[in-house]
Amino acid sequence: MKSEAQQFFAPQAWMQGAWAYDVLLGVGADGCWSEVQTHATVQQQAGATRLGGPVLPGVVNAHSHAFQRAITGLTERRSSGAGASDDFWSWRDRMYSAANRITPDQLEAIASQLYAELLAGGYTQVCEFHYLHNGLDGAPYANAAEMSLALVRAAQRTGMGLTLLPTLYMRSGFTANGLREDQRRFVSTPESIGRVIEAVQAQTQGDTRINVGVAIHSLRAVSPQALMELAAYAKQGGLPVHIHIAEQTQEVDDCLAQTGQRPIEWLLNHVEVDARWNLVHATHTTPHELAGVQARGASIVICPATEANLGDGVFDLPGYAAVRGTWSIGSDSHVTRRWSEELRLLEYSQRLTQRKRNVAAQTLGPLSSAAALLDAAMAGGHNATGLALGGIALGQRADFCVLDTLAPSLLGVPADHMLDALVFSSPDARFAAVYVAGQPVQMLSDPGFVTAMHALWGR
Ligand code: ZN
C-alpha cells in the first residue's frame with residue numbers, strides 16, 4: 001500500500017513513555033513515521049493537518065479468535081443438570097457450537113464488525129490465532145485458505161492491520177490420536193498450514209498492513225514431532241510463532257502427567273524458543289519458567305478480560321516484571337474490545353489479589369500505572385507481529401489514535417493525566433479518529449453482522 005507523504009500536528013503525543021507537546025509528525029509514502037519533532041513552532045505547524053486531541057500510539061491486539069465475537073454475551077448463563085458446574089471446558093463446548101456453524105461469508109461479516117470495534121478501541125493490528133480451517137462437515141475447502149481469506153477481506157474492508165496465524169491443531173489431548181468430531185473444522189497438518197500461508201501471501205502482496213505467522217494450538221493439541229516441524233518452517237521464514245500455554249490448571253496437570261514437566265518448562269527444554277515466540281496466557285507459571293521465557297527473549301500475551309471471563313486465573317505480573325519480561329495484550333474471545341479496558345482489568349486483578357494499589361507502576365518503574373501498563377503492552381507488539389509497531393518514533397508504522405477531548409472522563413483533566421484518565425476513569429474516553437499506516441479508518445458497524453447473528457442464533 002503506497003500513499004502520499006503527509007504531515008500532522010498534535011498538541012500532545014505519547015512518545016517513549018511520556019507526553020510530548022506541540023509535536024510535528026511526518027508520515028512517509030511507506031506509511032511509517034519519517035519525522036517526529038517536539039516543541040514545533042507556529043511557523044513549523046503551518047500546512048500540517050491538525051489533530052484535535054491527545055495522540056496515542058495504536059496498540060497491537062496480539063491474540064484474537066474473530067469468530068468468538070459471535071458468542072459474546074451468549075455464554076453467561078449457568079449450565080443445568082445434576083452436578084453441573086461452569087468452567088473453561090463447559091464454555092469451550094458452547095464456543096464449539098459457534099465454531100461448527102459459521103460459514104466463510106458469516107466469518108467475514110463477524111470479523112468486519114469486530115475489526116471496526118477493535119479499531120475504535122485503539123487497536124491497529126490484530127493477530128488472528130485462526131484454527132477454523134475446514135468446511136462445516138469437516139471436509140477441506142477446495143482452497144485451504146477459504147476461511148483465512150474471509151479474515152483477510154474483513155481486514156482490508158476495515159483498514160485493520162492483520163497478522164494471520166494459521167493454527168496447527170491435530171489431536172484432542174496429550175494421549176489422543178486425533179481430534180473429536182466437534183473439532184472437525186480444526187484438522188490441519190504442518191503442510192496444510194504452509195498452504196494457507198502461501199495462499200494468503202499470494203493474495204496480499206504489496207499490502208503492508210497484512211502479514212503472516214504460525215500458531216500451534218497448544219502442547220496438548222500437537223505431537224512434539226509436528227510442533228518441531230512447524231517451528232522449523234517458521235524459523236526458516238522468520239515468522240512469529242504463537243502458542244496457547246498454561247492457561248488452565250488441568251492443562252498443566254495433564255502435561256505433568258504425560259511428560260513429567262510443566263508446559264512452559266517442557267517448551268523451553270525441548271524447543272528452540274526465541275524472540276519470535278509468543279506464549280499466550282502463561283497464567284500458571286513458576287518464577288523459574290518466567291525467568292526462562294525472558295532469557296530466550298520470548299514474549300507473553302496476556303488476555304486479562306478473557307482470562308477473567310473464563311475463570312482462568314491471574315497472571316503473575318509482579319513476578320514477570322521482576323525479570324523484565326516482555327509482554328503484549330490480546331482480546332482473545334472479545335468480551336471487551338478496547339485496550340484501555342484490558343489494561344484496567346490487568347491492574348485491578350493485581351490490586352484485588354495483593355490488596356495494594358498501583359501494582360504495575362510499583363513493579364515496572366514508571367510513576368503512572370497507565371503509563372507502565374501501556375508501554376509494557378506496546379513492548380511486545382513487535383514480537384507478536386514481526387512488524388515495526390513500536391509507537392510514535394522514526395521508522396515505526398504510523399498507527400495512532402486521537403482522543404476525544406469532549407469525553408466526560410477527560411473533562412477538566414490536566415494534560416499530563418490524560419492517559420491515566422483514559423485507563424482508570426470509566427466509561428472510557430472514545431477515540432475521535434484512528435489511523436493505520438498514516439491512513440484514517442472509518443470504524444463503521446458491518447451491516448452483515450446482525451444478519452449473520454440472526455442466522456446463527458435466531459432473533
Ligand atoms: Zn485463544
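## Strand β7 and T124

T124 sits in strand β7, residues 123-130. Strands here are DSSP E runs of at least two residues, helices are H or I runs of at least four, and both are numbered from the N terminus. This is a predicted model: local features need pLDDT of at least 70, side-chain atom pairs count only at pLDDT 80 or more, and totals for chains, interfaces and linings use all residues. Residues are numbered from 1 along each chain as its sequence is written, and side-chain values use heavy atoms, leaving out hydrogens and water.

T124 counts as buried because its relative accessibility is 1%. Buried means under 20% relative accessible area, exposed over 50%, and partly exposed in between (1.4 Å probe, protein chains only). The C-alpha atoms of T124 and G58 are 5.2 Å apart, although 66 residues separate the two along the chain. Leaving aside residues up to four places away in sequence, T124 has contacts (heavy atoms within 4.5 Å) that include G58, V59, R397 and D399.

## Helices α12 and α14

W339, L343, L346, E347 and R351 of α12 meet S369, L373, L374 and A377 of α14. The contact residues comprise six nonpolar, one polar and two charged. Ala, Val, Leu, Ile, Met, Phe, Trp, Tyr, Cys and Pro count as nonpolar, Asp, Glu, Lys and Arg as charged, and the others, Gly among them, as polar.
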